[in-house]
Amino acid sequence: MELKRVVVTGVGALTPLGNSKNEYWSNLSKGVSGAAPITRFDPIKHRTQFACEVKNFDPLEHIDRKEARKMDPNTQYAMVAADEAIVDSGLDLEKVDKDQIGVIWGSGIGGFKTFQDELTNFAQGDGTPKFNPFFVPKMIIDITPGLISIKYGFRGPNFATVSACASSNNSLTDAYNYIRLGMANAILTGGSEAGVLESGIAGFNAMKALSERNDDPATASRPYDKDRDGFVLGEGAGALMLEELEHARARGAKIYGEILGCGMSADAYHITTPHPEGEGIILVLKNALRDAGIDIKEIDYINTHGTSTPLGDTGELKAIQTVLGDHAYNINISSTKSMTGHLLGAAGAIETIACLLSLEKGIIPPTINHFTDDPEVDPKLNLTFNKAQEREVNVAVSNTFGFGGHNTSVILGKFNG
């Protein structure tokens with residue numbers, strides 16, 4: 001069968017750099033750090049006392065109080081980003097066939113705060129099992145796409161994807177496949193995460209995964225820097241409206257870009273450590289390129305997973321060089337996690353949005369906080385250090401990898417009709 005073309009017609013973002021798509025992009029292109037001391041709770045007893053929090057966010061400005069009480073912050077973030085993407089898409093909800101519009105959403109953990117709070121209350125009580133009746137619905141990951149569909153009446157494919165930090169790019173991949181196979185006209189996709197809380201920080205601290213640069217949080221996320229010491233935890237949501245090309249054309253929709261192809265793979269190696277030879281990353285890039293049907297020389301920009309961890313950063317770059325060969329020296333590479341921190345299951349969504357906007361604006365967002373060259377990093381690679389760079393971007397790649405060895409790559413292209 002002939003596969004249909006899939007385009008992006010709407011974008012929404014709620015991030016540590018801004019509570020809308022435009023604010024997010026403005027700060028991203030300026031190289032602003034979203035890291036600061038934690039305000040959600042008193043972090044004094046934690047080894048890491050800072051994070052990239054969503055700022056100046058009041059859910060009641062967006063969600064009815066009664067409904068907001070039924071949602072974990074993870075879902076609240078998603079509802080806000082989803083609404084922006086739907087409005088941005090220009091879909092007329094009174095005219096579209098809602099049977100043909102779905103919601104596929106990603107999150108690594110889901111209702112983390114709800115789970116923590118309910119068990120804390122139980123442990124501090126007298127042993128009587130008193131739990132909120134919304135405990136389970138607030139906690140489960142798939143409640144988010146369910147609530148989005150309930151709000152807008154979307155009756156198409158509806159489920160959640162869970163693959164740790166690859167979750168939202170997996171949700172986008174599924175949405176892309178459902179649409180190009182003709183199983184939906186449009187799908188709202190993306191991801192959200194709200195893990196900046198006591199158990200989130202403490203859990204990652206126990207793994208020695210987080211930066212402990214408490215004296216200078218703004219420069220703590222240092223992808224590819226010799227002195228990087230771990231990632232910075234972030235939170236938020238990103239949403240994208242994916243649409244079948246002819247459906248979008250028929251209503252005169254604005255098109256941000258086209259999904260050219262997606263790849264998936266597994267390291268099949270270790271629960272948290274990436275494969276030392278980057279085999280899973282090499283495979284996922286090759287799979288994405290084959291799916292897109294493009295030559296490696298067409299790639300202009302790669303937004304890397306680049307978390308600011310010692311092994312992960314260099315392993316990904318070596319895999320990119322293995323697949324792209326000398327063309328790796330002709331492209332821009334950057335890690336926007338240097339500014340947003342690591343949004344876990346929402347990372348792929350906001351980073352794919354960064355790629356889409358780089359196609360539209362002709363600007364590569366930087367990798368900030370580079371101070372000392374890492375001898376393990378090839379100095380001929382253009383890692384877009386410290387300052388955004390202008391260039392024409394026709395093809396961009398978003399890489400995300402998750403604990404468990406889950407790998408995803410999404411290839412986006414400038415829409416040319």
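Start by selecting helix H3, residues 73-89, together with helix H6, residues 143-152: H3 passes H6 in a right-handed crossing (the near helix is turned clockwise from the far one by less than a right angle). Keep in mind that this is a predicted model, where local features need pLDDT of at least 70, side-chain atom pairs count only at pLDDT 80 or more, and totals for chains, interfaces and linings use all residues. Numbering runs from 1 along each chain as its sequence is written, and side-chain values use heavy atoms, with hydrogens and water left out.

Look along the pair: the axes sit 10 Å apart, at an angle of about 45°.

Now show side chains. On H3, pick Asn74, Thr75, Ala78, Met79, Ala82, Asp83 and Ile86; on H6, pick Ile143, Thr144, Leu147, Ile148, Lys151 and Tyr152. These make the contact (heavy atoms within 4.5 Å). Colour them by class and you get eight nonpolar, three polar and two charged.

Next, jump to helix H10, residues 279-292, and helix H11, residues 310-324. Here the axes come within 9 Å and cross at roughly 45°, which makes H10 oblique to H11. This crossing, H10 passing H11, is right-handed.

For the contact, select Ile281, Ile282, Leu285, Lys286 and Leu289 on H10, then Glu316, Ala319, Ile320, Thr322 and Val323 on H11. By class, that's seven nonpolar, one polar and two charged residues.

Technical notes:
Axes fitted to C-alpha atoms, helices over the stretch in contact; angles between N-to-C directions. Helix = DSSP H or I, 4+ residues; strand = E, 2+ residues; numbered from the N terminus. Nonpolar A, V, L, I, M, F, W, Y, C, P; charged D, E, K, R; others polar. Parallel < 35°, antiparallel > 145°, perpendicular 65-115°, else oblique.
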